[in-house]
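Subject: Structure handover

Hello,

My notes on what was found in it follow.

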Amino acid sequence: MSRVSEKAPTGVLDDLELYTRLYRQMLLIRGFEDLVQSLFLKGEIYGTTHLYSGQEAIATGVASLLEDRDRVAATYRGHGHALALGVDPQKLLDEMLGRESGINGGRAGSMNVNSLDDRLIGSFGIVGGSIAAATGAALALKRTSGGVAVAYFGDGAMNQGYVFECLNFCRVLKLPLVLLCENNGYGEYTSFRSVTAGEIRGRAEAMDVPAETIDGMSVWTVREAAARALAHARAGDGPAFIEAITYRFVGHSRSDPGAYRPEGELDEWKARDPIVLLRAQLEADGIDAGRLDDVARETSEQLDRMRAAGLAAPFPTALESKEFKD
Amino acid sequence: MAAVAFRTAIRDALDEELAADERVILFGEDVAVAGGVFATTTGLYDKYGPERVFDTPISELALAGAAFGSAVHGLRPVVEIMFGDFLTLAMDSLVNQSTKYWFLTQEQVSVPLTIRSVVGAGGRFGAIHSQMPVSWFMGVPGLKIVAAATPADAKALLKASIRDDNPVLFFEHKRLYTLEGEVDGAEARLGEAAVVRAGTDVTLVTAMKGVHDALEAADVLERDHISVEVVDLRTLRPFDLETVLASVRRTNRIVVVEEGPVTGGWAGEVLASVAEHALGYLDDAWRIATPNTPIPYSPPLEDLFLPGAERIATEIRRRLR
Ligand SMILES: Cc1ncc(C[n+]2csc(CCOP(=O)(O)OP(=O)(O)O)c2C)c(N)n1
Ligand SMILES: [Mg+2]
C-alpha cells in the first residue's frame, strides 16, 4: 500500500466538483458517527452501535459510482453505507434513537437498517450474511435490471462459510456481484492476522474471481478500483473482489476501549485519515480552503439540527405487526 | 458469604472445571486474550495457556464441528457461541453430528461437549442479537438444554454441564450477568427443577430472567391474596415433569412464562405434558410468552414485546378472578 506523502501532488482528482461533494459526504458520515457516539453515551441510543469512523472513503467512493438499478448489502457497521446511498440522515438518526420517524420505525436499530428505496437491501447482523443477501440480489438483477449487487463485509467475515459458498456460487453462475472486503485489521478485539491463514485476496483468486488489494483510505483509489470491479460485473463476467485496507478510528462497538491495539497504531492510521487526505488533495488541486471550511461548517450545522429534531421526535407507542402478508 | 455476580459465577465454574480436568478445553471468538465480550472468561487464558483456552476465527460451524470431533476423541470441549442468534451457523454439526452419535454408535461413544451462548431480549440489541433459541432445539433428541436463573445455579449447572457426558446447550441470559447472589458451592444435577417460592393458588413455571419477573409478580399478587408457587425449571430439555406435576396437583392451575415465541416454544411442551398426566387436576392452564414476531429495537416496543412482571401479575389476577 502506497503511503501518501506529506505534500499532495497536483492534478490527481479528475472532477473537483464531484470530489467536493464526496468531501461533504464523508464529513457527514464522520459527524453522524460522532453524534451517534455522544448520544449513546447520554443514554439516548441503546444496545450497541458499530461506528464507521475511519472507513468513510470506501462506502463513499463505491456509492458515487452506483446506478439506480444497483443494490447494496451492508453489515452492522452500516451507517456509512446507508448515508452514502442517500438514506435520509434524519431518518437514520431517528432509527438509532428508537423513534417512530426512524427509517424502519424504530424496529431495526443501528444493526439492522434497511431501505430498498435507497438501494440498501439491509445491514446484516450476522458476520458474512451480507454476502448471501447480495448474492441473491445479483441473481435477480441479472435477469431484471442488469444492475450489480455490492456486498460489504469485514476481514473477519473471510472465515465464514458464507464467503466461500457465495463466491463459488456467483462465479459458476456468473452473477454480477462486487465483494468489498473492508479489512480494518481486526474482528472485534482479535487481529485479523492471528485468525486468518494466507492472504484474503488469494481466496477469491483461487476461485478464479479477479481481485485486488487497495488503499481504502483514499477515496479516489477506491473509486478507480470500484469502477473496474463494477465494469467487470456489469459486463456479465461474474463477480469481482476488492480488499480495501482501512482502519476503524473507534472501538469495535460501544463497549470496547481498544486495549488490543499496539501503542501508536491508531495515531499512525489517523495520520492517514481519509477525510484529511481528501481535503489535502482538493486543496492541492486548487479548491479554495475557505470553500471547504464552509462545507464543514454547513455539515456540522446540519448535524446540530438533526440532533434537536431527533430528540424531539415521538417514540412508537404500539407494536402492531402482522406475522404474515395476507 | 459474599455475593457473586452471575458472570463471575460462570467464570468460576469454567475455572474450576479447567483446573479439575485436563481434558476440558475452552474456545470461541474473543474468549481468550480479551476474556470474552461479556467478560465471562477473564483470566482463564493467562491461567491455562493457549493450548487449553484459545481464540478462534469467526467460524461458528467450525467451532461446533471441532467440539464434536474432539469430544469423541477424549476431550471435553466448552465452546462459546457469543450470541445465541449465531447458533444457526453452528447448528448443523450440533444437530446432525453431535446429537446423533451416541445413537448411531449403538450407545458406545458419547459426545461430552458444552456450548455456552448468550441469549435473551431486553438489552435493546434488536432482532438478531436478542433471540431465545430454545425452541429451535427443543425437538432435537439427544440434546440437553440448561438455563440458569441465579449465580449459584449458573455455577453449579455449568459445572454439571461440563461433567455431563452428552451434548449440552448452556444458555446465559444477558440481562442476568450483573445479578448478584450467594454462591455456596453446592452441586446441582441437570434435569432437576427448583421450587423457588411456595404457593397454593397457581403454579408458575419459568426459567432464566422469567424467574425474577415471576418472583416480582408473586410479591405483588400476595398483596391481593393470590398465592403463587414459582418453579424454576433450570433444565429445559429434558425437563423435570415430576416437580411440575407435584405442584399442579396442589394448586390446580398452571401458567408457563416463556421468553420466546408462543408458537413452538417449550411452554407448550410443558403444558402438553401436564395435560397428558394431570388433566383431572387442572382448573386452568395457559402460557405467557412473546408474540410471533421478531424482536423490536425501540425501547417502548421491546418492553411491550416482553412478558414482564406487570403483565404476569395482570394475567394471573384476571384468570383467577
Ligand atoms: C456469525 C457471527 N459471529 C459473531 C458475531 C459477533 N461479531 C460481530 S462483529 C464481529 C467482528 C467482525 O469482524 P470483521 O468482519 O472484520 O468486521 P468489522 O467489525 O471489523 O467491520 C463479530 C465477531 C456476529 N455478529 N456474527
Ligand atoms: Mg474487521
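**Backbone notes**

A:Arg119 lies in the loop between helix H4 (89–96) and strand S2 (120–124) of chain A. Helices here are DSSP runs of H or I with at least four residues, strands are runs of E with at least two, and both are numbered from the N terminus. The phi angle of A:Arg119 is near 80 degrees, which is positive although the residue is not glycine. A:Arg119 is also buried, at a relative accessible area of 15%. Buried stands for under 20% relative accessible area, exposed for over 50%, and partly exposed for what is in between, with a 1.4 Å probe and protein chains only.

Before going on, some conventions: this is a predicted model, where local features need pLDDT of at least 70 and side-chain atom pairs count only at pLDDT 80 or more, while totals for chains, interfaces and linings use all residues. Residues are numbered from 1 along each chain as its sequence is written, chains are lettered from A and ligands numbered from 1 in the order in which they are written, and side-chain values use heavy atoms, with hydrogens and water left out.

Chain B has a positive phi to report as well: B:Arg234, not a glycine, has a phi of about 65 degrees. B:Arg234 is located in the loop between strand S11 (228–232) and S12 of chain B, and is buried at 11% relative accessible area. The peptide bond from B:Arg237 to B:Pro238 is cis, with omega near -5 degrees. B:Pro238 belongs to the loop between strand S12 (235–237) and helix H8 (241–251) of chain B.

A:Asp155 is in the loop between strand S3 (149–154) and helix H6 (161–172), and A:Asn184, 29 residues apart from it, is in the loop between strand S4 (177–183) and strand S5 (186–187). A:Asp155 is buried at 1% relative accessible area, and A:Asn184 is buried at 4%.

**Aromatic rings**

The whole structure holds 13 aromatic pairs over all chains. Rings of Phe, Tyr and Trp (its six-membered ring) pair if their centres lie within 6.5 Å; planes under 30 degrees apart count as stacked, over 60 as edge-to-face and the rest as tilted. B:Phe68 and B:Tyr101 are edge-to-face, because their ring centres are 5.2 Å apart and their planes at 85 degrees. B:Phe68 is buried at 13% relative accessibility, whereas B:Tyr101 is partly exposed at 29%. One aromatic cluster is formed by B:Phe6, B:Phe38, B:Phe83, B:Phe86, B:Phe125 and B:Tyr177.

**Chain B overall**

Chain B contains 11 helices and 14 strands. Its C-alpha trace spans about 60 × 45 × 40 Å along the principal axes. Of the 321 residues in chain B, 61% are buried.

Regards
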